[in-house]
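I opened a new notebook page for a protein I had not looked at before. My plan was to start with the whole chain and then go into its parts.

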Amino acid sequence: MIRTSLAKSTRLTLKLRAVPCQATQRGALSLFGKCYVPAVRQLATSSAPPNGTLTTTRTHQEATEGHKQELPGSSSPATSQLTKADAVSTVPEMVRGDWVLFHPVYSVDELKAVEVLHHDAKTFSDKIAYGLVKLARTMFDLVSGYKHIETPPAPGMTIAELRKAGYLLTEKQWLERFLFLESIAGVPGMVAATLRHLQSLRLMRRDSGWIHTCLEEAENERMHLMTFMTIRQPSVFLRLLVLGAQGVFYNLFFLTYLFSPKSCHRFVGYLEEEAVITYTRCIADLEAGKIPEWTNHPAPEISIDYWRLPSDAKLLDVIYSVRSDETTHRFVNHSLANLNHTTDVNPFALREPDMHIKGSKIEFQRSESEQYVTESHEIMEQHSQQIQAKQSGGN
């Protein structure tokens with residue numbers, strides 16, 4: 001992986017990943033038997049604008065300096081005092097700035113562009129994957145007491161009466177649901193990345209860009225968990241439930257991925273479909289005033305940093321961002337399930353479509369992934385020519 005900074009006036013950072021052609025091993029990008037030069041992925045935006053130019057992004061220094069604040073009870077800036085004065089370890093008290101892996105940052109229009117979609121299960125393995133997701137959701141709904149009653153309630157019922165009748169969840173129930181789901185959702189990406197990493201070492205060949213996307217998904221789900229934990233700490237019962245569920249799920253997913261990565265990515269795609277449904281319902285209740293405790297609840301600081309939200313952002317903005325992330329995982333995993341995991345390049349290692357595509361389209365077919373890589377190559381070529389032209393002009 002090569003990180004290159006362009007002219008200071010543009011403040012643009014490019015992330016280049018070279019993946020070797022399987023046939024020639026000569027360092028060019030390979031997809032479905034074709035070779036391309038390395039393409040470009042943006043660090044802070046989800047896609048290139050329609051005109052083919054890359055959006056300017058903030059540098060890490062700018063992101064960090066923009067968040068210099070006073071720590072509570074301290075006269076030193078947050079960036080100069082990260083640990084307690086008497087700390088034995090170097091565990092930071094507060095970390096600010098863009099210090100995580102790549103993840104999309106969404107515009108307001110993108111946040112609103114998400115649709116509830118479903119991938120039709122046509123093959124036997126797809127039907128098994130979808131059936132397992134529905135079974136897991138049914139069991140969790142039963143344990144957590146979650147209901148989604150389609151019949152309309154009696155007119156004039158108060159929020160307390162609607163909650164008692166099972167029509168609405170309390171803010172505590174929503175948070176417990178989020179905490180459990182996100183603690184499990186962070187497992188598949190890490191398992192897939194680990195296995196592909198070990199395979200790359202074992203076979204002594206490159207990975208075609210899959211490892212980073214899987215790692216980024218795992219961290220993104222973990223950041224969701226960290227965000228919601230700033231609002232409510234999980235109970236002992238929930239922690240025990242997570243411990244048991246994670247132990248079982250990790251090992252089952254690990255063994256299954258060894259034999260059928262395609263089925264595993266399809267399973268995660270279906271799992272993310274359910275996550276999009278859950279967050280969509282929460283957003284609808286919140287906007288309808290059915291979760292009054294969250295109406296003006298401020299966004300946690302960690303979410304403001306992570307999604308680059310405005311300083312006055314609310315919890316509703318955070319949930320919109322989380323839903324968009326889940327939509328990204330839905331699209332990416334269904335698309336990866338359509339590829340040949342041993343030979344095909346992961347197109348999302350180069351760049352990602354914006355939410356107007358991911359929110360309204362369930363997946364890329366294999367041919368669409370190939371076309372997407374071709375477009376990424378063309379974008380990089382355009383910028384390479386622009387750089388050369390500027391250098392020639394400067395000389």
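The entries below go from the overall counts to helices, cores, surface and loops.

**Entry 1. The whole protein.** I noted at the outset that this is a predicted model. I counted the secondary structure and found 13 helices and 5 strands. The protein has 395 residues, and 46% of them count as buried. I then looked up contacts between residues at least 6 apart in sequence, and 73% of these join residues at least 24 apart. The accessible surface comes to about 19600 Å². Carbon and sulfur atoms account for 58% of that surface.

**Entry 2. Helix α9.** I looked up α9, which runs over residues 261–287 and has 27 residues. From first C-alpha to last, α9 reaches 39 Å, close to the 39 Å expected at 1.5 Å a residue. After α9 comes G289, which has a positive phi near 80°.

**Entry 3. The cores.** I reminded myself that nonpolar side chains tend to be buried together in soluble globular proteins. The largest nonpolar core here holds 54 residues. Which of them touch the most other members? I wrote down W174, F178, F253, W294 and I319. Helices that each supply at least two residues of this core include α3, α5, α7, α10 and α11. Helix α9 gives the most, with 9 residues.

**Entry 4. Helix α6.** I turned next to α6, a helix of 17 residues. The reach of α6 is 24 Å from its first C-alpha to its last, close to the 24 Å expected at 1.5 Å a residue. Its buried residues are V187, P188, G189, V191, A192, A193, L195, R196 and S200. What covers the buried residues of α6? The cover includes α5, α7, α8 and α9.

Entry 5. Just after α6, M204 has a positive phi of about 55°, and M204 is not a glycine. M204 lies in the loop between α6 and α7. S208 lies in the loop between α6 and α7 as well. Its phi is also positive, about 65°, although S208 is not a glycine. I then asked of M204: buried or exposed? M204 has 76% relative accessibility, so it counts as exposed. For S208 the value is 4%, so S208 counts as buried.

**Entry 6. A surface patch.** Last, I looked for nonpolar residues on the outside. F124, I128, L132, L135 and M139 make a nonpolar surface patch of about 540 Å². I checked the place of F124 and found it in helix α3. F124 counts as exposed because its relative accessibility is 66%.

Definitions and conventions
Residues are numbered from 1 along each chain as its sequence is written. This is a predicted model: local features need pLDDT of at least 70, side-chain atom pairs count only at pLDDT 80 or more; totals for chains, interfaces and linings use all residues. Side-chain values use heavy atoms; hydrogens and water are left out. Helices (H or I, at least four residues) and strands (E, at least two) are DSSP runs, numbered from the N terminus. The expected span of a helix is 1.5 Å times one less than its number of residues. A nonpolar core is a set of buried Ala, Val, Leu, Ile, Met, Phe, Trp, Tyr and Cys residues joined through side-chain atoms within 4.5 Å. Buried means under 20% relative accessible area, exposed over 50%, partly exposed in between (1.4 Å probe, protein chains only). Patches are made of residues with over 30% relative accessible area and no salt bridge: like charges are joined within 9 Å, nonpolar side chains (Val, Leu, Ile, Met, Phe, Trp, Tyr) within 5 Å. Accessible areas come from the Shrake-Rupley method with a 1.4 Å probe; for residues, only the protein chains shown count as cover. A salt bridge is a side-chain nitrogen of Lys or Arg within 4 Å of a carboxyl oxygen of Asp or Glu. Contact means heavy atoms within 4.5 Å.
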